[in-house]
Amino acid sequence: MISVKHIDPDDLALYAMHLLPPDEAEEMSLHLQHSVEARRVLSEIYGDLSIFALSAEMHSPPAQTRQRLMKHVAREKKAIPIDRMAPDSYAARSSTLFAEEPVKKSAAATVLPWLGWAVAAGLALPIFNLYQQREQLKSTVAANNTELHQTQLTAEQASLLMDTMKDPNAVHVTLTSTGAAPPPAGRLTYVVDKGALVFIASNLNPLQTYKTYELWLIPADGRDPIPAGTFHPDARGNAYVVLPALPKGVQAKAFGVTIEDGDGATAPTMPIVLKGTTS
């Protein structure tokens with residue numbers, strides 16, 4: 001049975017950082033071969049050192065400074081006498097190496113393992129602040145990109161609107177109602193090849209809150225009516241639909257406006273309150 005003594009975690013930290021003298025490092029290597037707990041603690045120390053290495057910039061110390069530090073450690077660290085071991089007895093060698101013997105720890109051996117943790121703690125707050133600043137910068141850039149995209153879309157829509165109103169090939173339709181004074185009316189401009197439409201209505205009757213007006217494009221080839229946008233009139237009965245999403249190249253036979261529920265319908269609900277043909 002091999003007698004194994006308890007190893008101080010400070011010594012394991014020194015071992016992980018290669019700061020133990022060669023003879024003590026050899027003893028520690030032998031101890032780690034037979035101690036599951038020591039290997040577990042050492043792996044945790046390696047993990048902490050890895051995290052610290054990733055969180056701090058590495059700078060090589062000046063050669064003179066390193067030399068002075070190692071001389072100081074050599075002066076402070078006292079040699080521990082080890083009994084002569086029988087070459088043919090591994091058990092006797094192990095029991096001598098790991099015999100319970102109090103070891104007087106030097107100041108350097110106690111301070112050095114924790115020096116790295118102190119530096120890491122000091123760097124933690126600045127690193128966290130840098131991380132927050134980076135995230136804020138990313139959010140600002142994303143917001144600016146979104147605003148730029150919206151501005152570009154607005155400019156493109158304005159250009160398309162002007163082109164639609166001035167296009168010589170545009171179809172102009174007047175939609176009217178009967179039996180009302182003054183009657184609701186609408187004027188519509190439609191460019192077939194661009195699928196661009198502008199509709200302006202006036203004198204519309206107010207609706208209940210759960211109702212909406214919906215504009216329809218009736219294709220000339222007999223297909224089902226195509227929804228061309230929903231709208232609500234203002235207090236004076238005015239409303240408009242500008243550049244709704246329509247397929248390009250659809251020849252229109254007529255346009256109509258119905259009253260629908262909620263956000264609109266996929267097929268018109270009779271009656272048609274405003275209507276107009278392209279011919």
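User: Which residues do ring pairs link into a cluster?

Analyst: Phe199, Tyr213 and Phe231 are linked into a cluster by ring pairs. Rings of Phe, Tyr and Trp (its six-membered ring) pair if their centres lie within 6.5 Å; planes under 30 degrees apart count as stacked, over 60 as edge-to-face and the rest as tilted. The model is predicted: local features need pLDDT of at least 70 and side-chain atom pairs count only at pLDDT 80 or more, while totals for chains, interfaces and linings use all residues. Residues are numbered from 1 along each chain as its sequence is written, and side-chain values use heavy atoms, with hydrogens and water left out.

User: What pattern does the protein follow along the sequence?

Analyst: The order is α-α-α-α-α-α-β-β-β-β-β-β-β-β, made up of six helices and eight strands. Here helices (H or I, at least four residues) and strands (E, at least two) are DSSP runs, numbered from the N terminus. Of the contacts in the protein with a separation of 6 or more, 62% are between residues 24 or more positions apart; a contact means heavy atoms within 4.5 Å.

User: Are tyrosine 190 and phenylalanine 255 buried or exposed?

Analyst: Buried means under 20% relative accessible area, exposed over 50%, partly exposed in between (1.4 Å probe, protein chains only). Tyrosine 190 counts as buried because its relative accessibility is 0%, and phenylalanine 255 counts as buried at 1%. Phenylalanine 199 and phenylalanine 231 are buried as well. Over the 279 residues of the protein, 29% count as buried.

User: Which residues touch the most other members of the largest nonpolar core?

Analyst: In soluble globular proteins, nonpolar side chains tend to be buried together. A nonpolar core is a set of buried Ala, Val, Leu, Ile, Met, Phe, Trp, Tyr and Cys residues joined through side-chain atoms within 4.5 Å. The largest core here has 23 residues, and those touching the most other members are Leu175, Leu188, Tyr190, Phe199, Leu215, Phe231 and Phe255. At least two residues of this core come from each of S1 (171-176), S2 (185-191), S3 (196-202), S4 (211-219), S5 (226-231), S6 (239-242) and S7 (252-261). A second, separate core of 13 residues includes Leu14, Val41, Leu42 and Ile45.

User: What does leucine 175 touch, leaving aside residues up to four places away in sequence?

Analyst: The residues touched by leucine 175 on that basis include Leu188, Phe199, Leu215, Phe255, Val257 and Leu274.

User: How do strands S2 and S3 pair?

Analyst: Two strands pair if DSSP finds at least two bridges between them. S2 and S3 have seven bridges and pair in the antiparallel sense. Leucine 188 stands opposite phenylalanine 199 in S3. The two strands form a hairpin with four residues between them, and glycine 195 in the turn has a positive phi of about 65°. S3 also runs antiparallel to S6, joined by four bridges, where alanine 201 has alanine 239 in S6 as its bridge partner. Five of the seven residues of S3 are buried, so described as mostly covered.

User: Where do H1 and H2 meet?

Analyst: Asp11, Leu12 and Tyr15 in H1 meet Ala25, Met28, Ser29 and Leu32 in H2. In helix H1 (residues 9-16), seven of the eight residues are buried. Alanine 16 in H1 is buried, with a relative accessible area of 7%. Just after H1, histidine 18 takes a positive phi of about 60°.
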